[in-house]
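Hi everyone, thanks for coming.

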Amino acid sequence: MQLIIGIGGVTNGGKTTLTNRLMQALPNCSVVHQDDFFKPQDEIVVEDGFKQYDVISALDMDAMMNTINAWKKNPIKFERSHGINTLDARTIEDSEEKDATIHILIVEGFLLYTYRPLIDVFDYRFFLSIPYEECKKRRSSRNYTVPDPPGLFDGHVWPMYVKHKKVMEDLQVDVVQLNGTRSKEELFNRVYGHIQNSLEELMKMLS
């Protein structure tokens, strides 16, 4: 049984922290981080003096979808290649044998719900939001490999977030809204509880 969960939302909203907690708590759980699929810097378009990182064209979405599809084809093989200890000792590689074990993939990123092929793979979608001032404060306290140039947050990052959030709403994507100003524990408990309830329902249906 396979379950794909999206953890999306605003930059510095707590996506990675929540994802890491969930990965530790859920069985046979793999993670795909959207940030791993940025194109090389020389392929990122520059507009209004800023490199346009916060747009879908800055990401190699074909490579991201190929990675997700590789997990879907064979989650055990994917887990082992990523150093995850599967609870299922059997190896099912490229076979037609049905695997009754639960395998979970969390996809984490800032642009999960505006790209239709990606939207459609999710069984559950969560979206973290925080207010402008809190987001700006968190962003300014982060140390990035490539530091933000002056004015990037107000001139590009936040406007792109607002734009893409509206696209998500216009597409009527079904997401569970999460308040990123809540405590890490509260956010984890809410999402973990939601997933556990869903798994229990699925197991009842299969039994």
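Before I go on, a word on what we're looking at. This is a predicted model, where local features need pLDDT of at least 70 and side-chain atom pairs count only at pLDDT 80 or more, while totals for chains, interfaces and linings use all residues. Residues are numbered from 1 along each chain as its sequence is written, and side-chain values use heavy atoms, with hydrogens and water left out.

Okay, back to Q52. You'll find Q52 in the loop between β4 (50–51) and α2 (61–73). When I say helix or strand, I mean DSSP runs numbered from the N terminus: H or I with at least four residues for helices, E with at least two for strands. A polar atom of the Q52 side chain sits 3.2 Å from the backbone oxygen of E47. Setting aside residues up to four places away in sequence, Q52 touches I44, V45, E47, A58 and H156; contact means heavy atoms within 4.5 Å.

Stay in that loop between β4 and α2 for a second, as L59 is there too. L59 is buried, with a relative accessible area of 3%.

Now for the helices. Helix α1 (residues 15–25) and helix α7 (residues 184–206) have axes that come within 10 Å and cross at roughly 50°. Those axes are lines fitted to C-alpha atoms, for helices over the stretch in contact, and the angles run from 0 to 180 degrees between N-to-C directions. That angle makes α1 oblique to α7, since under 35 degrees counts as roughly parallel, over 145 as roughly antiparallel, 65 to 115 as roughly perpendicular, and the rest as oblique. Which residues make the contact? From α1 we have T17, L18, R21, L22 and A25, and from α7 we have K184, E185, L187, F188, V191, Y192 and I195. Sorted by class, the contact of α1 with α7 has eight nonpolar, one polar and three charged residues. For those classes, Ala, Val, Leu, Ile, Met, Phe, Trp, Tyr, Cys and Pro count as nonpolar, Asp, Glu, Lys and Arg as charged, and the others, Gly among them, as polar.

There's another pair to look at: the axes of α5 and helix α6 (residues 152–170) come within 12 Å and cross at roughly 115°. Here the contact is made by Y132, C135, K136 and R139 of α5 with L152, F153, D154, V157 and W158 of α6. Those divide into six nonpolar, no polar and three charged residues.

Let's zoom in on R139, which is in helix α5 (residues 132–141). R139 is buried, at 11% relative accessible area. The side chains of R139 and D148 are joined by a polar contact of 2.6 Å. A polar contact is a pair of N or O atoms within 3.5 Å; within protein, one must be able to donate a hydrogen and the other to accept it, and residues adjacent in sequence count only if both atoms are side-chain atoms. Not counting residues up to four places away in sequence, R139 touches T11, N12, Y144, D148, L152, F153 and V157.

Over in helix α3 (residues 75–81), R80 is partly exposed at 34%. F78 also lies in helix α3, but F78 is buried, with 8%. F78 contacts S30, V32, T67, A70 and W71, leaving aside its neighbours within four places in sequence.

Last stop, the backbone. N28, in the loop between α1 and β2 (29–33), isn't a glycine, yet its phi is positive, near 45°. D48 isn't a glycine either and has a positive phi of about 55°. N28 is buried, at 4%, whereas D48 is exposed, at 74%.

Key
Buried < 20%, exposed > 50% of the residue type's maximum accessible area, 1.4 Å probe, protein only.
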